[in-house]
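Colleague: Hi, I'm new to this one. Could you walk me through it?
Modeller: Happy to, here it is.

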Amino acid sequence: MKDPVKVGIAGCGGISRLYTGIYAGLADIAQVVAVADPVAGLAKARAKALTEAYAAEAHKAQVLAANARSDKDRETQIIKSKAAFAASNVNIRVYPSHEE
């Protein structure tokens with residue numbers, strides 16, 4: 001398994017909520033490691049939401065692995081679970097603007 005691409009999100013307003021679920025489901029491919037927003041608290045809230053989404057995705061993949069009908073599907077879900085769990089343990093860096 002290759003290391004996931006490291007991603008930063010600049011702008012943590014409304015549209016970034018869509019990306020939270022998308023990146024949580026792609027933890028084995030791409031991982032958010034930094035967020036930035038000039039509005040106080042938005043970046044910190046998005047980092048927390050991402051961490052929680054990664055943890056939820058890890059648990060979901062564990063359940064899917066336990067109920068998989070084939071070895072290939074089970075292995076795929078185990079890989080996704082491990083990646084999402086690792087992503088949930090990353091300290092996502094928070095920046096007050098995209099210029100830092």
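Colleague: Which residue stands opposite Lys 6 in β2?
Modeller: That is Gln 31. A quick note: this is a predicted model, where local features need pLDDT of at least 70, side-chain atom pairs count only at pLDDT 80 or more, and totals for chains, interfaces and linings use all residues. Residues are numbered from 1 along each chain as its sequence is written, and side-chain values use heavy atoms, leaving out hydrogens and water.

Colleague: Thanks! How many bridges join β1 and β2?
Modeller: There are 6, in the parallel sense, with β2 covering residues 30–36. Strands count as paired if DSSP finds at least two bridges between them.

Colleague: And what is the strand order in the sheet?
Modeller: The 3 strands run β1-β2-β3 in an open sheet with parallel pairing. At the edges are β1 (5–10) and β3 (93–95), each pairing on one side only. The twist averages 30° from one strand to the next.

Colleague: Which strands does helix α2 lie across?
Modeller: Helix α2 (residues 42–66) lies across β1, β2 and β3, at about 160° to β2.

Colleague: New topic: is Ser 88 buried or exposed?
Modeller: Ser 88 is buried, at 12% relative accessible area (buried means under 20%, exposed over 50%, partly exposed in between, with a 1.4 Å probe and protein chains only). Ser 88 belongs to helix α3 (residues 71–88).

Colleague: What does Ser 88 touch?
Modeller: Leaving aside residues up to four places away in sequence, Ser 88 touches Thr 51, Tyr 54 and Ala 55, where contact means heavy atoms within 4.5 Å. The Ser 88 side chain also reaches the backbone oxygen of Phe 85 at 2.7 Å.

Definitions and conventions: Helix = DSSP H or I, 4+ residues; strand = E, 2+ residues; numbered from the N terminus. Polar contact = N/O pair within 3.5 Å; in protein donor to acceptor, adjacent residues only side chain to side chain. Axes fitted to C-alpha atoms, helices over the stretch in contact; angles between N-to-C directions.
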